[in-house]
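Trainee: I would like to learn how to read a structure like this one, feature by feature. Could we take the general idea each time and then turn to the case at hand?

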Number of protein chains: 2
Amino acid sequence: MIGRLLVVGVGLIGGSFALALRAAGQVSEVIGVGRRPESLQAAVELGVIDRAGRLDRATVESANIVLLAAPVGDIARHAVEIAALAGPDTVVTDAGSTKGNVVEALAGLPPEARRGFVPGHPIAGAESSGVRAARVDLFRDHTVVLTPGADTDPVAVARVQSAWMACGARVVSMTAEDHDRLFAAVSHLPHLLSFALVEELALRGDASRLFEYAAGGFRDFTRIAASDPEMWRDIALANRAALLTELDLYQVRLAGLRAMVADADAEGLRAAFDTARTARVAWSQRPPRSR
Amino acid sequence: MIGRLLVVGVGLIGGSFALALRAAGQVSEVIGVGRRPESLQAAVELGVIDRAGRLDRATVESANIVLLAAPVGDIARHAVEIAALAGPDTVVTDAGSTKGNVVEALAGLPPEARRGFVPGHPIAGAESSGVRAARVDLFRDHTVVLTPGADTDPVAVARVQSAWMACGARVVSMTAEDHDRLFAAVSHLPHLLSFALVEELALRGDASRLFEYAAGGFRDFTRIAASDPEMWRDIALANRAALLTELDLYQVRLAGLRAMVADADAEGLRAAFDTARTARVAWSQRPPRSR
């Protein structure tokens, strides 16, 4: 039993965390903080939170666990604010898609203010956003990555870990740097590449004609280019260093393929495509990860 | 009524064309030519073709329409071979994903040998390949692009057009150059970009760990990286010039986004991603094209 939960940013992620912890009997009270009163009102009506609160010392201090689920661009700032308000028994975690920026922001605080903060990233999402899209099973069988530092309190890590496990998630720990590199490679870079293709075609004089002949391959490749522009701007900037590293490696790889096309290197192209196909097929056929 | 159909390469595309024309009552006899006797035998058993034939003068000459549906890498060679064997009433078309290479190969023939050849590209496919995957409705409501030249016989164009319409397809005509540019942009380039990402990650020492954290966005973006390596090698080489042009434009666009990330140009990134998102959403919501 965790006790009192404070959710800062009661949307899809924050709302689903509250629903899951309540269903698991882990929380006695859920308080929500957010920018839009109507959204908090909806959260109360939906039974996601018990009441709306304010981001002040009394509220934060009295919470046993705080989930910060604000947009990525606001997380570092809120993380510092909440860590500074936390009481001795308050454990804080966040749900941002990038972790280095959170760790960096917290590094400016005295060690006692940041030892109860466990940066985290639940790998879950849905087509929709907002508290009305919240679901009790959003995290079930999904992975949550925690990136505690050397001076993070092990008791705080254990509490955050058990909260996510109570939501049905599997929890893994790694460094923030490792997290950001992994997700730059398998998520942030693909988004940038997909946005780039659609932007390039959309800005052409004959864009509508080009799109007219786009079919299934284009549909799959560009599905992520319909993602929220502000969210992905924030992620690209928050994970700038790792994203640039991955992008540069990709550009070198692409330049290599370009040379093979230009040189009509049939064997090189077949080998490269075959490496990709073999890896992609193996990935899609992998057994579901054990929890 | 078209008469006798000769299908060269009785797989998914060639087989579906035969099934659709037969169902439409357009053909009196269907002859199949292919490399693998067991596949032709299966085509006979499935009722896709009436009999297997050989690619000789008597067979080609007696056909009223020939569909060349061989792999892209073999099409140019076969096109020349078939055009040279065609009789005065034989109309020939092909189903290759690239058209400039076919037109270029035919350009070496005397005008009378190429006037009955109408290069084509049915925009249809399926997860599976081979004659067992052939379906009578594969082309229904799909687009077929024809790229006749200035000296192509209008009677031949009309016959090919009516054959595809009998399959339920809509038919559009454009130049081979225009076709290759369009498909380089919306199909061939995305495949190259997707192969490049998966190849890059697959060759890393920690590939399996990277793939472990790949989720839905990665799945969509890389679905086409599971495509047939030989087919896409052939397409990349057959459409080399247009693909390189599109790839270079893309690299410039990507370098622009890279600079925005490096410069933390939040407004530039938001605008770029927004352009892409708006275009992608509009594309996915477009009304189905009227036939």
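This is a predicted model: local features need pLDDT of at least 70, side-chain atom pairs count only at pLDDT 80 or more; totals for chains, interfaces and linings use all residues.

Trainee: How many residues does each chain bring to the contact, and which helices of chain A supply at least two residues of the side that touches chain B?

Mentor: The size of an interface is often given as the accessible area lost when the parts come together, but here we can count residues instead. Chain A contributes 69 residues and chain B contributes 69 residues. On the side of chain A that touches chain B, at least two residues each come from α8 (176–202), α9 (207–212), α10 (216–222), α11 (229–238), α12 (240–262) and α13 (266–284). The most is given by α8(A), with 18 residues. Sorted by class, the residues on this side of chain A are 48 nonpolar, 8 polar and 13 charged.

Trainee: How is chain A divided into domains, and how far apart do the C-alpha centres of these domains lie?

Mentor: The domain assignment gives domain 1 of chain A as 3–173 and domain 2 of chain A as 178–284, and their C-alpha centres lie 32 Å apart. The contact between them takes 11 residues from domain 1 of chain A and 8 residues from domain 2 of chain A. On the domain 1 side, α4 (72–85) and α5 (100–106) of chain A each supply at least two residues. By class, that side of domain 1 has 3 nonpolar, 7 polar and 1 charged residues.

Trainee: Turning to the sheets, in what order do the 6 strands of the open sheet in chain B lie?

Mentor: As a general idea, in a regular strand the side chains alternate between the two faces of the sheet. In chain B the order is β3-β2-β1-β4-β5-β6, and the pairing is parallel. At the edges stand β3 (51–52) and β6 (117–118) of chain B, each with a single partner strand, so one side of each is left without a neighbour in the sheet. Within this sheet, β1 (residues 3–8) and β2 (residues 27–33) of chain B pair in the parallel sense over 6 bridges, and L5(B) has V30(B) of β2(B) as its bridge partner. Helix α4 (residues 72–85) of chain B packs on the sheet, where it touches β1, β4 (65–68), β5 (91–94) and β6 of chain B, and its direction makes about 160° with that of β4(B).

Trainee: Which strands form the open sheet of 3 strands in chain A, and which of them are the edge strands?

Mentor: That sheet has the order β7-β8-β9 in chain A, with mixed pairing. The edge strands are β7 and β9 of chain A, each of which pairs on one side only. As examples, P122(A) has V144(A) of β8(A) as its bridge partner, and V145(A) has V172(A) of β9(A).

Trainee: At what angle do the axes of α8 and α12 of chain B cross, and is the crossing left-handed or right-handed?

Mentor: The axes of α8 (residues 176–202) and α12 (residues 240–262) of chain B come within 9 Å and cross at roughly 65°, and the crossing is right-handed. Residues of α8(B) in this contact include A184(B), H188(B) and L192(B), and those of α12(B) include L243(B) and Y250(B). By class, the contact has 8 nonpolar, 1 polar and 3 charged residues.

Note on methods. Residues are numbered from 1 along each chain as its sequence is written. Chains are lettered from A and ligands numbered from 1 in the order in which they are written. Domain bounds come from an automatic or database domain assignment. Two residues are in contact if their C-beta atoms, placed from the backbone, lie within 7 Å. Helices (H or I, at least four residues) and strands (E, at least two) are DSSP runs, numbered from the N terminus. Ala, Val, Leu, Ile, Met, Phe, Trp, Tyr, Cys and Pro count as nonpolar, Asp, Glu, Lys and Arg as charged, and the others, Gly among them, as polar. Two strands pair if DSSP finds at least two bridges between them. Axes are lines fitted to C-alpha atoms, for helices over the stretch in contact, and angles run from 0 to 180 degrees between N-to-C directions. A crossing is left-handed if the near helix is turned anticlockwise from the far one by less than a right angle, and right-handed if clockwise.
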